[in-house]
Amino acid sequence: INTRAPLSHSVCGLAWSRWSKMSSSGWILAVCLVVLEGGRHAVWAEEGSGSERNCSAIPPYLPPTAVNTTLRIRDLRASMIPLNISAYIIPATDAHLSEYIAPRDARLAWMSGFTGSAGTAVITQNKAVLWTDSRYWIQAERQIDCNWELERDASVRSITNWLILEIPEGGQVGFDPFLFSVDTFDVYNTNLAPAGRILKSIPDNLVDKIWTGRPPLPPDNPIRLPDNVIERTWPMKVEQIRAQISDNPYKPTAVLLSALDETAWLFNLRGNDIPFNPFFYSYTLLSMDEIWLFVHIERITEELKVYLNSSCYHSYCVQLLEYSSVRSYLQSYLQKLNVRVWVGTEYTNQALYELITPEDKLLTTTYSPVLTTKAVKDATEQHILKEAHIRDAVAVMQLLVWLEKKVPEGTETELTAAHFVDQCRSKQKNSRGPSFETISASGANAALAHYSPSNETARKLSVDEMYLVDSGGQYLDGTTDITRTVHWGKPTDFQKEAYTRVLMGNIEISRSVFPAGTRGVNMEMLGRRALWEVGLNYGHGTGHGLGNYFGVHEWPVGFQSNNIPFQEGMFTSIEPGYYKENDFGIRIEDIAVTVPATTKHGNNYLTFETVSLVPYDRKLINTSLLSPEQVHWLNKYYESIRSVVGPELERQALKEEYDWMMKHTAPFLSAGASAVISSVTLLVTMLPSVLLHNLL
């Protein structure tokens with residue numbers, strides 16, 4: 001291992017919270033000196049000299065992707081002393097419990113260097129510990145330095161058990177109540193209180209106080225959606241939610257909306273405060289008579305004020321209040337007689353929830369009526385979301401065609417492939433950028449389910465390795481998310497079997513027929529059964545909801561135990577996978593919409609219609625493992641790709657992509673040792689058009 005001489009602490013104190021954006025900064029990080037507890041010194045490696053830390057080595061080894069956190073931890077510990085807290089908890093979320101957060105809310109990433117979307121840190125006066133799940137264990141080992149311990153059980157129980165062992169009885173555990181959901185606080189408190197450990201609410205975040213150079217509020221103003229993508233105006237939506245308030249037997253007088261997509265959906269507004277997600281910082285308090293919107297008022301243009309009727313005071317006028325005043329205004333509302341506030345506990349933070357007392361002024365459900373209403377897309381939303389997926393399929397096909405040509409040349413990397421698909425989407429109608437950071441992974445990197453390439457980690461693409469690309473786009477008329485796994489050379493028999501069994505899981509869910517109101521968790525095992533039969537599995541969820549120019553992961557739709565039952569008009573991903581550590585990864589992800597199913601004897605049954613329209617890699621499909629029903633479904637799906645995407649490829653004059661699509665959607669036979677197609681069909685799809693004309 002080559003090392004460089006350490007620089008002074010003034011240089012080492014400079015940190016980069018997003019390792020994936022490092023470029024020239026990587027060489028600076030590579031020479032930083034990290035001072036650990038006990039006076040040991042860590043060796044920072046040059047780029048490419050190793051991917052994971054080794055804190056048991058003497059001296060400890062740190063990869064170039066790790067972040068020096070010594071000074072940050074020192075400053076945070078100092079801020080804990082006057083508050084008399086023994087530990088401080090740092091979650092990976094924001095005040096709206098968002099999955100994707102703005103750079104200014106990335107407190108966990110800044111403190112630890114770990115940039116995964118799921119994790120929790122706890123800092124005491126002598127330890128710093130990170131908890132995250134199996135998706136991110138390897139990533140964490142690449143990003144955190146030796147100040148940190150990594151715990152591989154991400155459950156709250158694991159965290160609270162650790163706290164009970166580490167801090168004395170009567171000790172206080174500090175937390176920011178804006179970053180805890182109601183449910184999360186309850187779980188922490190239920191575990192800690194009986195052991196005599198006390199949760200202490202500290203609304204002024206301690207990380208923010210020491211975070212020099214914290215990113216500012218984005219400058220962009222919210223915008224309204226154009227009328228041609230709206231079926232329900234915002235007054236219609238307000239009326240729809242008020243009807244649910246009125247019909248609720250527990251007689252709430254208002255509903256509090258805390259999730260960012262709730263307010264954006266209600267008013268048909270979009271913003272740019274969160275990367276990849278068209279949201280803006282906001283809360284809403286909606287009663288039967290009034291509407292209060294909490295935003296950064298200086299960002300609301302005069303046009304939007306007119307749109308929201310902000311200058312009047314009747315029941316369909318939106319009163320604009322400062323974003324930071326939500327706690328004080330909620331307290332004022334609760335002082336009124338005979339009021340009761342309805343909150344969805346999944347996305348309401350503890351800072352607001354703890355204000356709603358006494359108990360008779362509170363009504364809770366897991367999700368607010370806005371989230372459950374928004375989950376069912378109206379006819380316009382369904383239509384435009386399908387249209388967005390057609391254009392998105394064109395972009396993905398452009399990527400796959402390009403890679404087939406370029407990878408054998410040995411010039412492309414995971415990063416150039418990610419950039420290429422982003423560029424392809426940017427040229428499509430109504431494009432508003434990616435819907436998340438593209439997962440472009442080959443070989444061993446693909447075994448990391450949520451890996452995204454950087455200048456430091458990107459592998460060169462090779463015909464000898466499998467390649468996984470999980471990407472999506474934001475469009476004015478919809479959001480997309482699709483994963484395809486391919487191999488340009490000769491896959492092994494095991495790779496083909498694993499891929500085929502993942503595909504079988506995708507097909508089995510997609511072709512299932514079920515009564516309306518069935519919960520996704522009751523179908524989830526269909527995605528795993530073919531893998532389980534041979535002792536394989538995957539460690540992530542099987543699907544999630546999807547928005548209309550919204551979040552790419554939209555709750556409460558999906559296949560987990562806390563998702564709501566399926567109804568007609570819901571969109572979900574279907575995405576089984578398999579990951580062989582340090583070797584390869586497979587995921588096949590499609591978006592599908594629930595539609596009525598025709599059955600022989602019963603009514604009110606549903607099935608899925610797949611709206612992602614890109615063929616699977618036939619080189620990896622062993623049709624001898626597929627049932628006749630699965631082959632039939634696959635052929636019908638390919639017919640849909642031809643009939644729906646084909647005309648769009650022709651409209652965009654993409655002949656090469658059109659020919660590729662026709663070749664890769666040729667029908668399968670129901671048996672064979674590989675992805676077999678009839679010789680006649682193969683001849684017709686591959687012969688040059690002039691020669692074919694002469695033959696006929």
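Could we take strand β20 (residues 466-471): how many of its residues are buried, and what does that say about how the strand sits in the rest of the structure?

Author: Happy to! Please keep in mind that this is a predicted model. Six of the six residues of β20 are buried, so the strand is largely enclosed by the rest of the structure. That holds for both of its faces: M466, L468 and D470 point one way, Y467, V469 and S471 point the other way, and all are buried. In general, side chains of a regular strand alternate between the two faces of the sheet.

Now for the partners of β20. Strand β19 (residues 439-442) pairs with β20 in the antiparallel sense, over four bridges. β23 also pairs with β20 in the antiparallel sense, here over six bridges.

Helix α19 covers residues 628-651 and reaches 35 Å from its first C-alpha to its last, close to the 34 Å expected. Among its buried residues are W633, L634, Y637, Y638 and I641. V645 is buried too, and α19 bends by about 35° at V645, with a proline, P647, following within four residues. After the helix comes A653, whose phi is positive, near 60°.

Methods:
Residues are numbered from 1 along each chain as its sequence is written. This is a predicted model: local features need pLDDT of at least 70, side-chain atom pairs count only at pLDDT 80 or more; totals for chains, interfaces and linings use all residues. Side-chain values use heavy atoms; hydrogens and water are left out. Helices (H or I, at least four residues) and strands (E, at least two) are DSSP runs, numbered from the N terminus. The expected span of a helix is 1.5 Å times one less than its number of residues. The bend at a residue is the angle between axes fitted to the seven residues ending there and the seven starting there. Buried means under 20% relative accessible area, exposed over 50%, partly exposed in between (1.4 Å probe, protein chains only). Two strands pair if DSSP finds at least two bridges between them.
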